[in-house]
Amino acid sequence: MKRREFLITTTLGAGATVVLQGCGHREERLIPLLVSEEQLVPGAQYWTASVCRQCPAGCGIVVKTMLGEATTTVDGQTVRVKRRQAKKIEGNPDHPLNRGRLCARGQAGLQVLYNPDRLQGPLRRTGPRGSDQYVEITWEEAIRLLVERLQGLRQRHQAHALVFLTGRLSKHTRLLVERFMRAYGSPNHITYELFDDAVERRANELTMGREALATYDLARARYVLSFSAPFLETWRSPVYYSLGFGSMRQGRPGVRGKLVHVEPRFSLTAASADEWLPINPGTEGTLAMGLAGIIIEENLFDRAFIERHTRGFQAFRQLAREEYPPERVSEITAIPAETIVRLAREFAQHRPSLALGGGAAAAHTNGLFNLIAIQALNALVGNLGRPGGLSFTPDPPFQEFPPVPETPQTRESLRQPRLDRVDGATSIPALIERWRSGQPYAVDTLFLYEVNPLFTLPPALGVREALQKIPFIVSFSSFKDESAAWADLILPDHTYLESWWDEVPEPGAGQPAVGLAQPVVKPLYNTRLTSDVLLHVARTIGDDMRAALPWERFEDFLKEAYRGLHRAVGEGGDFEHFWEEVLKNGGWWMPDDQRSSLTDHPEPQTFDFSPALSHRRQPTFAGDERAYPFHLHIYPSIAFFDGRGANQPWLQEMPDPMTTVAWGSWVEIHPRTAEQLGVSEGDWVWIESPHGRIQAPVVLFPGARPDTVNIPVGQGHQAYGRYAKDRGANPVRLLTPLMEPVSGGLAWAATRVKVSKAPDRGRLVTVGYTRVHTEAERR
Amino acid sequence: MAKWGMVIDLDRCTGCEACVIACHAENNLPIVGEEESAKGRQHNWIRVERYWEGEYPHIRARFIPVLCQQCDHAPCEPVCPVYATYHNPEGLNAQVYNRCIGTRFCANNCPYTVRVFNWFDHHWEKPLDEQLNPDVSIRTRGMMEKCTFCIQRIHRARHQAEDEGRDIRDGDVQPACVQSCPTEAMVFGDLDDPDSRVSQRARSRRAFRLLEELGTEPSVIYLKGDEWVEP
Ligand code: SF4
Ligand code: SF4
């Protein structure tokens, strides 16, 4: 990638004028705030740096903008206006995470901004909940309603009855929400993601003392053993790992790494592997223990590392030796014993070798054990903090804001129990149950931000009934998704290309980095940045909140944070200059030359093997095996992730790479199993669990286990705009809400189902291509 | 004068389809919807084909991104009665939209089935149309279209190089698919320049071309999937 020229100057003096009147062929970086639309040259393209928000990974992007014509409504009149328009999103070539690359979802981001089903201003519900009757209101009225509600709660000493449920928020947006809740006096900022990371964080904390997500240096590894983590499609940071994968395969002369992928489903990641092992669901940890046993038995482990950097090895060795001989492991996992022995030797002998686990391996009642056992493999080969190994990316040195003090208004309510905690552990089922029961206290007001519980939580939890018990629900969604359609007040956020926000990617790419997003184009509609709404509400509620949140706009808060960063990185010079560089570059990251010294000689880490003993357990499954003969394997769709991409027509029309299905849902069934069930490709079936049933057409899938059916997550919306609504089925509806008990992660891979023929409901759209495959390819 | 070409390394390609969406976004490809998709009328200038090999559990899947191969001996060119499809001096197989009268002879004669016909005029729900790339013309009913190697990007890069009084450098031009590819499976450049990345990769022992035996002389070179051998 050619490095773009950075030519924008601070003022709109001579420099900027020269640039803007340039030939129009140059690719110029532009800070939209500094250059008004009138100054843009028609036909010239300008690039603005931002961050992708289509999944939590946080890839850096640059957006091509040009001056263009649009129709818009002004005072009820349709008029044509010239405005800055976003034309194309590309990876930011300088961002260390994705280095100019993007995944399909990242490419589709413009269809979030220009989606025809965006909410265009604040709405207040007028009919019964779910009736979809709303009236437009002004922002003044919206803020007034919010403030009245929150002030009233506080006066009744019920501040804790405000719950702020969010997805995994970006860096400073999360800090702001946390400050807001603390200053208001509620302990209930609660995060929920369907495909979350609680299990991995806990496993890393128990074994390595780091409650964080690990960075895996695939690019420099020679051997990668992955356990159910679809890291080339949706897991953690798919672009970063795809880059690493490409380099591992063909980036080093004379060295081609090997990927062995263990997963109950033949995923896209499995398809790229040199070897795929369809393991029995939930037994990934058992396989890891079996491999560990052989590595230890045959003395293939890194003795020096074990002695110097680990604890609890003797007991672990004994456990592996006594409980996990290859034959027994083979029986439990369905992987042949010879394969286990061979893999153990290959893994230990082709270092640096990496083991990485996640996805369905973590989504079992024994998910924590699975991940601990998998991490133990990395410790055995001493591959912690080495090139080609596992490490923890350091955070950029932001300085902490002074903590929000308790005040007489907040002291009591802040000490109320958090509604999602049971004995210190997070429990979403407990949260929903408490909403429903009103015990230990009733929830009065619920804020929903970047979360859609009516789509991503199993209905078996009683989510809808629980929401019915909450008197006042506010959604900050940009779209009328299932949960927003249930809200009393919808205060639509800007979309990410119109917003200020930033993200420290986790896992990162080994070097401290933060991506900063600035408004690339002016907001299309009468929406407002949720962070700005919170600041406005805070200062209106009272002086104590204003003291804790003194910023007029979120942009000011961000700027202050970056002042701290500027001081800490000691780049000298004046802050405004630093800030402009950050805006042009799309963030701040440690320069490459300082980076190598950091990642090649990382902090020493110690590894504790003993949690493998204390957390050992077998997976349990919901649904009797005779009544429900199949495992249900759900997975985040490469197009829609957890469903958030389903309103984008590019992604709907994209043929699924494994099945070529477009515009719908499907269930993957092994051809032999389908024959036994008497169904063939395109036939409709019921998939039924102890908690519900859905219908979907069959795809005969040679990579399905005969005892497992696979269904992608993402479709089956009942709202969320014209492209998503009433299309396909949502398999989350089938889940029994079993949990991994220690971390509170949802065990979404632990439900069993039965399958039966259903009446025909329409076609399965597959995009059958004429094939040009030749023998040459196989030579 | 450059000779533009592309190398696609199938040992890196994961089949992720980032290239497919990147192409849609860059080239104003229409969304045809469920009905037309079912009829096989999707507009894709690049598609990712998937092949199954073997039997469970020793199943393998292979992916091949297929786009216009920009053949030197292009079977589509001589059959066009109005010279709408022609060969440009840089080796691109170009399509002149306003000359095309929609006989579809070229598509019939393309062994790679990469040409897409516009059966209809297309419609973008507002404001989705604000995204449309003004560098690429919108095709209307009755026109044939296909991958151009992002010729608009080649033009931009050339103009920029001219402004700066220099030649185009290796890496200046990246078609949208190449640029997005998360595994760096695709490389684009001048095949006449022996030092370009694309020429270097094209010299791989794994290189082959699709349907080579037809003598079409494609400008897209594939590198076949590699095997792991125990060192
Ligand atoms: S992985 Fe894809 S969706 Fe996620 S941040 Fe990166 S480009 Fe966006
Ligand atoms: S973007 Fe790259 S890896 Fe993905 S399908 Fe296209 S060529 Fe293959």
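Colleague: How many residue pairs are in polar contact between chain A and chain B?

Modeller: Please bear in mind that this is a predicted model. Between chain A and chain B, 34 residue pairs are in polar contact, both residues being at pLDDT 80 or more.

Colleague: Which elements of chain A each supply at least two residues of the side that touches chain B?

Modeller: Among them are the strands β3 (60–74) and β4 (77–91), together with the helices α2, α3 (110–113), α7, α8 (268–272) and α25 (649–653). The most is given by α7(A), with 8 residues. By class, this side of chain A divides into 46 nonpolar, 25 polar and 26 charged residues.

Colleague: How many salt bridges are there between chain A and chain B?

Modeller: A salt bridge pairs a side-chain nitrogen of Lys or Arg with a carboxyl oxygen of Asp or Glu within 4 Å. The count between the two chains is 8. One of the salt bridges joins A:E90 to B:R153, with the closest N and O atoms 2.6 Å apart.

Colleague: What area is buried between chain A and chain B?

Modeller: The buried area is about 7700 Å², and carbon and sulfur atoms give 54% of it. Chain A brings 97 residues to the contact and chain B brings 87 residues.

Colleague: Which residues surround ligand 1?

Modeller: The surrounding residues include A:C52, A:C55, A:C59, A:C103 and A:R105. Both α2 (104–107) and α7 (238–250) of chain A supply at least two residues of this shell. Its classes are 8 nonpolar, 3 polar and 1 charged.

Methods:
Residues numbered from 1 in each chain as written. Chains lettered and ligands numbered in written order. Predicted model: local features only at pLDDT ≥ 70, side-chain atom pairs only at ≥ 80, totals over all residues. Heavy atoms only, no water. Near = heavy atom within 4 Å. Helix = DSSP H or I, 4+ residues; strand = E, 2+ residues; numbered from the N terminus. Nonpolar A, V, L, I, M, F, W, Y, C, P; charged D, E, K, R; others polar. Contact = heavy atoms within 4.5 Å. Buried area = accessible area lost by both parts, 1.4 Å probe. Polar contact = N/O pair within 3.5 Å; in protein donor to acceptor, adjacent residues only side chain to side chain.
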